[in-house]
Amino acid sequence: MAPDKELASLVTADPGLPRPNPTQSYWQHIPHPLANVRSENLPSERDYVIIGSGITGLSVAKTLLENQVNATVTVLEARTLCSGATGRNGGQMAANAGEEYTHLAEVHGPEMAGKIAKFTLRNLEKMQELIEDYDAVETSEMQKLKKLRVFMTDAKFEDFRKSIARLEADHPSMRGIYEIIDADTVLKDHGIHRASGGALLPAGTVWPYRLVTKVFDALLKKYPDRLTIETNTAVKSVEHVEQTMTPITSVYPYTVRTSRGPMRVASVVYCTNGYSGHLLPSLRGRIHPFKGTMTVQDPGTSLPNKGKSVSWGFHYPPTYDPDTKRHGYGLYYLGQSAKTGYFYFGGENTRMNEAVSSDDTFVASHSVSHLQSVLPRFFGKQDEAPWKLISSWSGIMGFSSDGLPLVGRLSSALTGRRGEGEWIAAAFNGYGMANCLMCGEALALMILGDKVNDWLPGAYELGEDRLQSILTPPEAVKALSSKL
């Protein structure tokens, strides 16, 4: 099958429900007491049902509860609490709008590109504020530090330099956020070998599962009569009553059918990321799953622990081997535990049919061995034996053809149902920690009728132009093909 035909088939496939037996994420190796929380009996009627219990679902729930007195909210999770992308990611709080600025400006114009850059940086600040507000700094091992973006070829470094120069020219208030450094400095000050250059920017690291579970725990205690969390409760379908409405269905026009029975609901909120296309078939190809691979590796005493000061990203030209069908995505991401010294290292080098997948029940052995072989080389340790593998797992991200999230009300054309009570925040393209919190907040405020267009980038919304021109299956194939 030709690559484009194969990609078209992959991006438009039904992602299904989250699998019941995923690989174990290191973040969750000690389950929170709420991991399997649920009511004895499923609530029968709710104002809001939120599908998904990651940082986006948490943000939506928190904002609705805080801003609408007496609103009842239920969070539905197919597996254990925070077992999706948030609980399986790389633990990095970092934005990528700087390196993407040139592309964003060409597609959306400099004003919108700047708004996206500022939004993602502000989201990271609000993540840190959330952690501090809930006294979760120690629990989540949050570190405020610098992200060192390393560019492994001259061409990648030059493209980055031009992108930052354009960002700063278009938006003088953003000058100085990125500190560009040359290859000698990358080697001398940071010990990274064979780089063409790099850049430092404000960032952070966090144990994401511990943060989300702690905040959910606090919300359950604060709103015991208005919030329930129903884990191991998969949503099978969403229906809208289209016949003459009774008093009950006029208030709760949706029926959400779950593995534990039905619920009557006023509004349905999808925080389903890479799985969105299962319940919303019209989004298949507009949002597609992308499987990431993560490892935890122990370098022992071979390197100093820099977990309090720096995290890393390594950028290289995407690769594709037509013989093995192995695809190198173009980015590795790395953090370090300030307590143990363990490296949290991820990145993709795998077959396309394994990458564009919603199956996190396995992690490809060749992907793990690749990450083990690559990591020491960056630090000039390629002659050593591979570092001890502590853990490895896979996780499902949600990607869109234009690389931007989808935030807003779902039209009848997208749901296939009447009614105006279905909403979505999904497709964070590997940068959920720089988008999810504020996207969830914005969506909740939209639901409540508030205006958010002064701070939510309009390019994230579900406008007809975006849906018809760029947020399409052919564009998703084109975006993936560009990386082959």
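1. In this predicted model, the side chains of aspartate 14 and arginine 284 meet in a salt bridge, with a distance of 3.4 Å from N to O. The pair links distant parts of the chain, 270 residues apart: aspartate 14 belongs to the loop between helix H1 (3–11) and strand S1 (45–51), whereas arginine 284 belongs to the loop between helix H9 (276–279) and strand S11 (287–298). Aspartate 14 has a relative accessibility of 39% and therefore counts as partly exposed, and arginine 284, with a relative accessible area of 22%, is partly exposed as well.

2. The structure holds 19 salt bridges, and another of them joins arginine 122 to glutamate 125, where the closest N and O atoms are 3.1 Å apart. Both of these residues, arginine 122 and glutamate 125, lie within helix H4 (residues 110–133), and their separation of 3 residues is about one turn of the helix. Arginine 122 counts as partly exposed because its relative accessibility is 33%, and glutamate 125, at a relative accessible area of 41%, is also partly exposed.

3. Since glutamate 132 is in helix H4 and lysine 144 is in strand S4 (residues 143–151), the pair ties together parts that are 12 residues apart in sequence. Lysine 144, with 48% relative accessibility, counts as partly exposed, and glutamate 132 is partly exposed too, its relative accessible area being 40%. Elsewhere, salt bridges with shared partners join Arg79, Arg88 and Asp360 into one network.

4. Leucine 145 also has its place in strand S4, and at 7% relative accessibility this leucine counts as buried, because the cut-off for that class is under 20%. When residues up to four places away in sequence are not counted, leucine 145 touches Leu201, Pro202, Ala203, Gly204 and Thr205, and also Gly307, Lys308, Ser309, Val310 and Ser311. Valine 310 illustrates how sequence and space can be read together here, for leucine 145 and valine 310 are 165 residues apart in sequence while their C-alpha atoms are 5.4 Å apart in space.

5. Phenylalanine 157 is found in helix H5 (residues 154–170), and its relative accessibility of 8% means that it counts as buried. Leaving aside neighbours within four places in sequence, phenylalanine 157 is in contact with Phe151, Ile180, Ile181, Ser196, Gly197 and Gly198. A reader tracing the chain may also note that phenylalanine 157 and lysine 478 are 321 residues apart along it, and that 24 Å separates their C-alpha atoms.

6. The last point concerns the packing of two helices, H2 (residues 55–67) and H7 (residues 208–222), whose axes come within 10 Å and cross at roughly 25 degrees. Because angles under 35 degrees count as roughly parallel, H2 and H7 are roughly parallel to each other, and H2 passes H7 in a left-handed crossing. On the side of H2 the contact is made by Ile55, Gly57, Leu58 and Lys62, and on the side of H7 by Val212, Val215, Phe216 and Leu219. The residues of this contact between H2 and H7 divide into 6 nonpolar, 1 polar and 1 charged.

Methods
Residues numbered from 1 in each chain as written. Predicted model: local features only at pLDDT ≥ 70, side-chain atom pairs only at ≥ 80, totals over all residues. Heavy atoms only, no water. Axes fitted to C-alpha atoms, helices over the stretch in contact; angles between N-to-C directions. Helix = DSSP H or I, 4+ residues; strand = E, 2+ residues; numbered from the N terminus. Parallel < 35°, antiparallel > 145°, perpendicular 65-115°, else oblique. Left-handed = near helix turned anticlockwise from the far one by under 90°. Contact = heavy atoms within 4.5 Å. Nonpolar A, V, L, I, M, F, W, Y, C, P; charged D, E, K, R; others polar. Salt bridge = Lys/Arg side-chain N within 4 Å of Asp/Glu carboxyl O. Buried < 20%, exposed > 50% of the residue type's maximum accessible area, 1.4 Å probe, protein only.
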